[in-house]
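Keep the structure open beside you and follow along by topic.

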Amino acid sequence: MIELDKVCFAYPAQGPTVQDLSFRIGDGEFVAILGANGAGKTTTVRLIDGLIKPTSGRVIIDGTDTASSRVSDRARRVGFLFQNPDRQICKNTVREEILFGLETVRGEEGAEALGHRADEVLQEFGFTGEEEPFSLSRGQRQRVALASILAVEPSVLILDEPTTGLDYRECCHIMDQIRTMNREKNVTVIMVCHDMEIVLDYASRALVMSGGRLLDDGPVPEIFRNSALMERASILPPQMIGLSLRLGRGFEDADTPESMADAILRRKKEG
Amino acid sequence: MNHVLQYIPGNSVIHRMNPVTKLLLTIIICVCAFMTDNLFFLLGLLAVDLMIGFVAGVAGRTLKIFRGLLMIAAFLFILQALLTRRGTPVFWIITDEGLMGAGRVVLRLIVVCMPLALVLAVTRISDLTNALVQHLHVPYQYAFTLATAIRFIPQFLEEMNGIMEAQTARGVAFDQARGLKKFSMILPLCAPLLISSVRRTDQTAVAAEVRGFRLRTRASAYRRYTFTALDAATFLFCALLLAGAILIR
């Protein structure tokens, strides 16, 4: 369980970046944080991991206040995938990279067990292990960074714009692996994302932010159907939802191409 | 993010000076610091450094630089005092000459470094580049290289902080280590920093190239950097400083 209680944060010599933020995220939830640039999304996820400490209020993860614990001690439970994978990668091969994360937080399990776990992850992600990370494409490097985080088996996964700069296929690759972890291993996922189609496809709950404040919190389709909220937060809803809103009555549940086709056929039958 | 080398906008007399004059003043202070061994003259130069910062309205930055240099200076002072054997012992193995020599070294370090950092705080890098090209006839390519190198320093620091943050989130105990241990943990991270730096440099080079970098000449700059009475007064001050350093060696 993650809980933010009246959290405020301001960078030195700047106005407040995040103000009066309060919400709870339960185990196994897939939450997207939405908002325009400068809304405070990245600051919020950095606060959740304790990379920055709130100026007031509390961030509590599994009963522990992040202000009184260290980020490195939390790495076993909380994984953070940054927008730029190159900041995370520091080894010469993919296998070494995955082992580096494992040795850092699960060193007590011994070399054999960690080697076995690294092999499992390599197979899961389709790497041989001998690839040089910095020679791979950006999407592949992002997958290496994700693999080294998921190898540790965290119970919370924070993703800061994980699909930026990736093509559609690479996006789906990464997001499918994250969804699998979420569904099969009950990993809590908190994702900052500008791609609303991805949010609609993968997240179940959305937190909408603007000017450092939380505007709304609810199920993703419901949030996207709130036109006034979308406008206030400067968010363009996914195409299907935008279309269904324009079509009006009878299309309320049409948020995918399939459900849109069904709704059209239904209307056709009705004459 | 506010870095030590970042430009602080302002309209002080120092801000209004010709960039070449500011650079000359900086160089003269450095030259004087190396020409003299007189502790009082070095203290006077330090006072000039501080005065420049205060007159420029960047007192906060000046004190920040001063504090940072003091920390390095303290380490150097101890090292120098312990390693000098000449002179009369005053305490344990520390001699009077050791103390005087250490004092000179650290004062010289502070006096030399402060104006170099301050000139960047009160001069836009682009103004410095253009003025160098316009008045000192430095080829634009070299001036641009210098400006880019300076501009990259805070970016590298930011990148390094980002890398350390990312590694801390992976469990590397940067938030627990101190001193040499922390330094030894940073060393392996030089690879990602180097790679990102090379990528960034390459991108900058390509971006400059596609914008016609090689076509730029001395006449391309639209801004003119003239010398005023203020600059003349500064030249006179520089001459006096230099004369003082020669006389009080």
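In this predicted model, the C-alpha centres of domain 1 and domain 2 of chain B are 29 Å apart. Domain 1 of chain B takes in 13–123 together with 225–247, while domain 2 covers 139–216.

**Where the two chains meet**

- The contact between the chains involves 20 residues of chain B and 19 residues of chain A.
- On the chain B side, helix H7 (140–169) and helix H9 (190–210) each contribute at least two residues.
- H7(B) gives the most to this side of chain B, with six residues.
- Sorted by class, the side of chain B that touches chain A holds eleven nonpolar, six polar and three charged residues.

**Chain A as a whole**

- Chain A has eleven helices and ten strands.
- Its C-alpha trace spans about 70 × 45 × 30 Å along the principal axes.

- Six strands of chain A build an open sheet with mixed pairing, and their order is S6-S7-S8-S3-S9-S10.
- Strand S6 (78–81) and strand S10 (213–219) of chain A are at the edges; each has a single partner strand, so one side of each has no neighbour in the sheet.
- From one strand to the next, the twist averages 15°.
- Strand S9 (residues 205–210) of chain A runs antiparallel to S10(A), and six bridges join the two.

**A pair of packed helices in chain A**

- Two packed helices are described by the distance between their axes and the angle between them.
- For helix H3 (residues 94–106) and helix H5 (residues 138–150) of chain A, the axes come within 8 Å and cross at roughly 35°.
- The crossing of H3(A) past H5(A) is right-handed.
- H3(A) makes the contact through A:Val94, A:Glu97, A:Ile98, A:Phe100 and A:Gly101, and H5(A) through A:Val144, A:Ala147, A:Ser148 and A:Ile149.
- By class, this contact of H3(A) with H5(A) has six nonpolar, two polar and one charged residues.

Methods: Residues numbered from 1 in each chain as written. Chains lettered and ligands numbered in written order. Predicted model: local features only at pLDDT ≥ 70, side-chain atom pairs only at ≥ 80, totals over all residues. Contact = placed C-beta atoms within 7 Å. Helix = DSSP H or I, 4+ residues; strand = E, 2+ residues; numbered from the N terminus. Nonpolar A, V, L, I, M, F, W, Y, C, P; charged D, E, K, R; others polar. Domains from an automatic or database assignment. Pairing = 2+ DSSP bridges. Axes fitted to C-alpha atoms, helices over the stretch in contact; angles between N-to-C directions. Left-handed = near helix turned anticlockwise from the far one by under 90°.
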